[in-house]
Amino acid sequence: MKTRKLILIIADALLLAVCIIQAVFSGRDGIVSFTCADDIDEIVFESPAESFTLVKEGEDWFGGEKKYPVNKNSAESFVSQLSEIRALDKVGSLGSAATAERYELDESHRISVTAKKDGKVLRTVLIGKESPASSQSYISIDDKKDIYLASGNIRSTFNTSLTSIRSRGVWQLEKSEITGVTLRKTAAAGDKEGLLTISKMGSGEDIVWNISPAEIQIDSEKAQAWFDSLASLTTPVWHNENEDLGGTELVSAEITCGFKTVKITIYEKPAEGEDANPLYYAESSETPYVFELASYSADKFLKKAEDFAK
């Protein structure tokens, strides 16, 4: 057989294969996009583990009956997923209980997420299990019975809890507006005991630093770096309002920022166990909730005058 003839036969075979593949896929429902025309301002979560609602107020999101501030990135991820869903293929129907259970879209497994705008329901998504390729999930849209294989990490995105998406921020201040800090340390603070106030006046090259009651020459760079470090505070764990964790007060602090005074009181609970570390927690004027502190965050408020000497 001549080479030219063999090439033509192979080309015909490849063309036939392409036609067959196209015919198979043309018989499917194909990719379907479900989009939201309106901006989402409310998201309702319902799952076997927990039910809660997120509400947008201004540019911020709040969750649950107590309206906890919600992590902005998490809220934006939810809105992005709900605003456009790409269904790759229809795989079954909720009309069959066995099929619903197979894809974990039955009531004992599924996550239900409803998006709203001004109280009007825009979309309800029932979310089942992830496919073997974890970047896809099985879902059902609105009140339809169809089960779709959808692209995106939809299950992992919405398989969450209100606690895990709460904002970790206690406060965020403008560094340039912090003009004074007062620490009142208790005997429990050991060698860091006592009263310490550091303040500054002026701006630019005309800043004057003061420290009381110590009589030292203050290092402006050290003092400014400390002020800057106090502008932001986060917590790894939130507790309930006025919860008493059984610790001893170490220090209370007041930070003057512009026309505002931010207050915090820090406690230490001794380590329980040979390999355990002490627990630091706090109360603040910026939140009604008790919150834990990493040890390095607590240390920021346990300064002594010598730490700022030239």
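In this predicted model, strand S12 (residues 178-185) and strand S17 (residues 248-257) run antiparallel and are joined by 7 bridges, and within this pairing Val181 of S12 has Ile255 in S17 as its bridge partner. Both strands belong to an open sheet of 8 strands with antiparallel pairing, in the order S14-S13-S12-S17-S18-S19-S20-S16. The edges are formed by strand S14 (208-212) and strand S16 (238-241), each of which pairs on one side only, and from one strand to the next the twist averages 20°. Helix H6 (residues 220-229) packs on this sheet, where it touches S12, strand S13 (194-201) and S14, with a direction that makes about 85° with that of S12.

| Pocket | Volume | Lining by class |
|---|---|---|
| Largest pocket | about 250 Å³ | 8 nonpolar, 4 polar, 4 charged residues |
| Second largest pocket | about 190 Å³ | 3 nonpolar, 1 polar, 7 charged residues |

Of the 16 residues that line the largest pocket, Pro69, Gly169, Val170, Trp238 and Glu286 are the closest to its centre. Strand S5 (68-69), strand S11 (169-172) and strand S20 (287-293) each supply at least two residues of this lining, and the largest share, 4 residues, comes from S11.

In the second largest pocket, helix H2 (residues 72-83) gives the most to the lining, with 4 residues, while the residues that line this pocket include Asp38, Asp39, Lys56, Glu59, Trp61 and Lys117.

Definitions and conventions:
Residues are numbered from 1 along each chain as its sequence is written. This is a predicted model: local features need pLDDT of at least 70, side-chain atom pairs count only at pLDDT 80 or more; totals for chains, interfaces and linings use all residues. Side-chain values use heavy atoms; hydrogens and water are left out. Two strands pair if DSSP finds at least two bridges between them. Axes are lines fitted to C-alpha atoms, for helices over the stretch in contact, and angles run from 0 to 180 degrees between N-to-C directions. Contact means heavy atoms within 4.5 Å. On a 1 Å grid over the protein atoms alone, a cavity is a set of points where a 1.4 Å probe fits but cannot get out, and a pocket is an open set with protein on both sides within 12 Å along at least five of seven lines; lining residues have an atom within 4 Å of a point. Grid points are joined across faces, edges and corners, and a volume is the space filled by probe spheres set on the points. Ala, Val, Leu, Ile, Met, Phe, Trp, Tyr, Cys and Pro count as nonpolar, Asp, Glu, Lys and Arg as charged, and the others, Gly among them, as polar.
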